[in-house]
Amino acid sequence: MLVPKAMSTQHPDNATPAPFADEAGVLKGDGEVNEAVDVFALGCDEQMWDSEGKEADNQVVRKLLTGYPDFFQGDVQLGRDVALTLRVPNPRIEQDMRKSMVEALQSVPSAWDMAHSFYGDDEHAAPIQEVILPFTTSAEELLLVEAYYSRVIVGQEDQTLMEGQDVRGWVGEFYPKSVRVIPLIEDVENLFHCDSIVEEFLHDRDLPGQRVFLARSDPALNYGVVAAELALKVALRRLYDLEGKLGIPLYPIIGVGSVPFRGHLTPVNVSRALTEYPSVQTFTVQSAFKYDYDRETVRSGIRQILAHERREPVSVDLERARDIIRKTTTEYQNQVHKMIHVISTVSSHVPKRRERKMHVGLFGYGRSLDGVGGVTLPRAIGFTASLYSIGVPPELLGLAALTDSDLAFVREVYPSLDEDLHAALRFTNERHVGELLGAPYIRLVEQFAGDIDRVHEGLTSAIRAGLDENADVNISHYVQEAAHLRRFLG
């Protein structure tokens, strides 16, 4: 079982356009195929191939092997040394995209056939072995994906087409006979109970291991950075304890971006992530990590991730964590509601780096948490970019609810808190924080910020002036300039 450590993803958080992007800086189509080969060459041992929220090329394996035969016939064999892992829509949640799951799963046997032809033997590894199911809330959802693949996709080989002719005899057998399903758990409540979902899914199975994907961006978008970190630490501890109980290795994956709000993993601070999340097996290498630093720095950061060996995670007082999550979530969501208009307005000026559809999340769904009515927000990257573009880092939101005692507890569970806030608040515009959030948040800036980047501050002032005065200002240009200074879009 190949268990990668550095998963390249297609999250569009980069300020600098990818070298494979079109003239508008948007990465799509064959550019993403080129990207996959490039990140394998940089050292990543996995590429997520995302069918959720975007158009995905289901012929990716054919294009990789025929387009780069020397690369994949050398020391790097697809499926043996590096993984291509599909992320498919969850049919129960993303109903307008649910047939995309079917299309993605149907591509798995044809990918196997392509690899069989390319490598010329029956011993090659399946090029696609796993799929990621977002918004996982139950074991049943995972079992349905497994069952659909084995009974419908593979099972069709036994169907009789006409007398004396079945599907197997006509188009050949379907391999692999099964796929592994990785739950992607994205909301706070299910992060708290991720062990129950995984335990039920693994009941009565003898497996070499199970990967479990824990989100970091969407919990921050929906609940704030403190709630996201505490819930993630609870989940990591519960998975660690479950691993001991079941005797089956559990390999956590966490989705982290460059900005502190979304996990704070860059090529120059990998040690921070490895210390903060010691039990994690796989870290996501998102677009800002790949394209906002020089290539040797990127290679060095990936090498650090690959060298990481898992260790025991921190223990967490669950009731104390729940209490702080409730308080900070209420404060966070109240502040977000006050800024809906400005966030939405700025987001229209944030450059697209990949073709994506509107995200479905807590706010996007119109669901409610703790009595807060649902609203529509940009995806996590656009949301984060919008707030940074006006000098109000989203890491601030919700912190005013913390007492000194709460803060001490959070620091124990989240030891990088001060470092993360210091990094984020470098890009603060104090005047905008005061106008939009009020005096308690100015005091937080004074408490946690060090030197403020005055060039970035000036850009955020120009952006805000352009919005407020409807002046003839190239807001998109200033948004991009500010992002380049930060080395991330959002």
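1. Phe 40, Phe 71 and Phe 72 form one aromatic cluster. Rings of Phe, Tyr and Trp (its six-membered ring) are taken to pair if their centres lie within 6.5 Å, with planes under 30 degrees apart counted as stacked, over 60 as edge-to-face and the rest as tilted. The structure holds eight aromatic pairs.

2. On provenance, this is a predicted model, in which local features need pLDDT of at least 70 and side-chain atom pairs count only at pLDDT 80 or more, while totals for chains, interfaces and linings use all residues. Residues are numbered from 1 along each chain as its sequence is written, and side-chain values use heavy atoms, with hydrogens and water left out.

3. A pair of aromatic rings is described by the distance of the centres and the angle of the planes. One of the eight aromatic pairs is formed by Phe 261 and Phe 383, which are tilted at 6.0 Å centre to centre with 35 degrees between the planes. This pair links distant parts of the chain, 122 residues apart: Phe 261 is in the loop between β9 (250-254) and α11 (270-276), and Phe 383 is in helix α17 (residues 380-389). Helices (H or I, at least four residues) and strands (E, at least two) are DSSP runs, numbered from the N terminus. Phe 261 counts as buried because its relative accessibility is 0%, and Phe 383 is likewise buried, with a relative accessible area of 0%. Here buried means under 20% relative accessible area, exposed over 50%, and partly exposed in between (1.4 Å probe, protein chains only).

4. Tyr 388 and Phe 427 form an edge-to-face pair, 6.4 Å centre to centre and with 65 degrees between the planes. Tyr 388 lies in helix α17 and Phe 427 in the loop between α19 (417-425) and α20 (430-437), so the pair ties together parts that are 39 residues apart in sequence. Tyr 388 is buried at a relative accessible area of 0%; Phe 427 counts as buried at 4%.

5. Two charged side chains deserve mention. Lys 177 lies over the face of Tyr 175, at 4.5 Å from the ring centre. The charged end of Arg 205 sits over the ring of Phe 201, 4.5 Å from its centre. The criterion is NZ of Lys or CZ of Arg within 6 Å of the ring centre and within 35 degrees of the ring normal.

6. Strand β7 (residues 180-185) is mostly covered, with five of its six residues buried. Strand β4 (residues 130-133) pairs with β7 in the parallel sense over four bridges, and Glu 130 has Arg 180 in β7 as its bridge partner. Strands pair if DSSP finds at least two bridges between them. Strand β8 (residues 210-214) also pairs with β7 in the parallel sense, over two bridges; the bridge partner of Leu 184 in β8 is Phe 213.
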